Amino acid sequence: MKNKLVVFVLAAIALMVLPLVAQAAGNFWVRMIDFALLYVLLALGLNIVVGYAGLLDLGYVAFYAVGAYMFGLMASPHLSDTFEFFKATFPHGMHTPVWLVIPLGAALAGVAGVILGAPTLKLRGDYLAIVTLGFGEIIRVFMNNLDRPLNITNGPKGIQQIDSIKIMGVDFGRTGEVFGYEISGVTKYYYLFLLLVVVSVVICYRLERSRIGRAWMAIREDEIAAKAMGINTRNLKLMAFGMGATFGGVSGVMFASFQNFVSPESFALQESIMIVAMVVLGGIGHIPGVVLGAVLLAALPEALRWVAGELDLQRVTDGRIDAAILRQLLIAFAMIAIMLTRPRGLWPSPEHGKAAATPAR
């Protein structure tokens, strides 16, 4: 117990110091870490659906988009600039405070998750994956085309001038000073994202060890046996979709405030596949593995982008090697190697069903 406490304290100190060290090397590295934390939030939410309940969801990015666009509309002048009746009430836009927007983003995404889950209750495996994939694409297409006849989402041009997060007078989008030390906006966002990740990890651990979590895992292992044991599989599946979607909604709110801009391109199918890969490669159903997989797959592309830029591959190879394609190829090879060597993930959950070790006498 004492050793665990020491590990937790050292890890906490390292996480608090990490952005300050990375900031010295440039804001690029801090932004990379920030996006890694956002993907950790998304992976933790998807792990509830895929890892705990065993429901393959390939449209999870739709909830990410719902949260992002909700914040974009409520924290930018877009609606006031577009609709006269709205401008009469909010001349400069709503600019909704964060303490209201985060719960609204979670609630709206949760409702969207239940709406997705309701017609898919009797589907399993590949059929469920196809339906959820279609749902994710429908949301993206809607966001891309809701600029006529009423311009709600501004179509492919996206929503701009989105407010940054402001808490107790602290603007997370601007550089500030603490004890004479300059703290950039991306570093401030790091601490906010880290707090949300810690809260999410605690929630996931509590869910995993609760009656609901055990019921989800029973459904994952054998739905027919779970139903025979008296588990209400219908309600629990809907709860899994709704609970997992809330994480995506909060992540979307944070993404929109961090970027100050949202567009449909940020919520393509590739994003959903990447989030699923984070859960599977890290260790499906195991929170430390999911966090590890999300950090690696989120940070690896950006690190390879920096390496390609430093080496100037296109100039060295006379344009024969495209840095972007090479980066994707290396990521694909890394994923294949991991799945061949560790098919249960980098950090899988402990195996169940084995006999306990004989105690020493």
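Select Leu55 to start; this residue sits in the loop between α2 and α3 (61–74). The model is a predicted one. Is Leu55 buried or exposed? Its relative accessible area is 6%, so Leu55 is buried, the cut-off being under 20%.

**Helix pairs**

Next, show helix α2 (residues 27–52) together with helix α11 (residues 233–259). Their axes come within 6 Å and cross at roughly 165 degrees. Angles over 145 degrees count as roughly antiparallel, and α2 and α11 are therefore roughly antiparallel to each other. The crossing of these two helices, α2 and α11, is left-handed.

The crossing of α6 and α11 is right-handed.

**A surface patch on the way**

Move to helix α1, residues 2–25, and select Val21, which has its place there. With a relative accessible area of 54%, Val21 is exposed.

**Salt bridges**

The model holds seven salt bridges. Begin with Glu223 and Arg124, where the closest N and O atoms are 3.3 Å apart. Glu223 belongs to helix α10 (residues 223–228) and Arg124 to the loop between α6 and α7 (125–145), so this pair ties together parts that are 99 residues apart in sequence. Color the two by accessibility: Glu223 counts as buried at 12%, whereas Arg124 is partly exposed at 48%.

Now select Arg220 and Glu221, whose side chains meet in a salt bridge with an N to O distance of 3.1 Å. Glu221 is exposed, at 59% relative accessible area, and Arg220 is partly exposed, at 32%. Then select Arg124, Glu223 and Lys237 together: salt bridges with shared partners join these residues into one network.

One more pair to select is Asp147 and Arg148, a salt bridge whose closest N and O atoms are 3.9 Å apart. Arg148 counts as exposed, at 58% relative accessibility.

**Backbone details**

Most residues other than glycine have a negative phi, and most peptide bonds are trans. The last stops are exceptions to look at in turn.

What kind of peptide bond joins Arg148 and Pro149? The bond is cis, with omega about -5 degrees. Pro149 is in the loop between α7 and β1 (166–167).

Asn154 is found in the loop between α7 and β1 too, so select it next. Its phi is positive, about 65 degrees, although Asn154 is not a glycine. Asn154 is buried, with a relative accessible area of 16%.

Finish at His95, in the loop between α5 (84–89) and α6. Phi of His95 is near 50 degrees, a positive value in a residue that is not glycine. At 33% relative accessibility, His95 counts as partly exposed.

Methods
Residues are numbered from 1 along each chain as its sequence is written. This is a predicted model: local features need pLDDT of at least 70, side-chain atom pairs count only at pLDDT 80 or more; totals for chains, interfaces and linings use all residues. Side-chain values use heavy atoms; hydrogens and water are left out. Helices (H or I, at least four residues) and strands (E, at least two) are DSSP runs, numbered from the N terminus. Buried means under 20% relative accessible area, exposed over 50%, partly exposed in between (1.4 Å probe, protein chains only). Axes are lines fitted to C-alpha atoms, for helices over the stretch in contact, and angles run from 0 to 180 degrees between N-to-C directions. Angles under 35 degrees count as roughly parallel, over 145 as roughly antiparallel, 65 to 115 as roughly perpendicular and the rest as oblique. A crossing is left-handed if the near helix is turned anticlockwise from the far one by less than a right angle, and right-handed if clockwise. A salt bridge is a side-chain nitrogen of Lys or Arg within 4 Å of a carboxyl oxygen of Asp or Glu.
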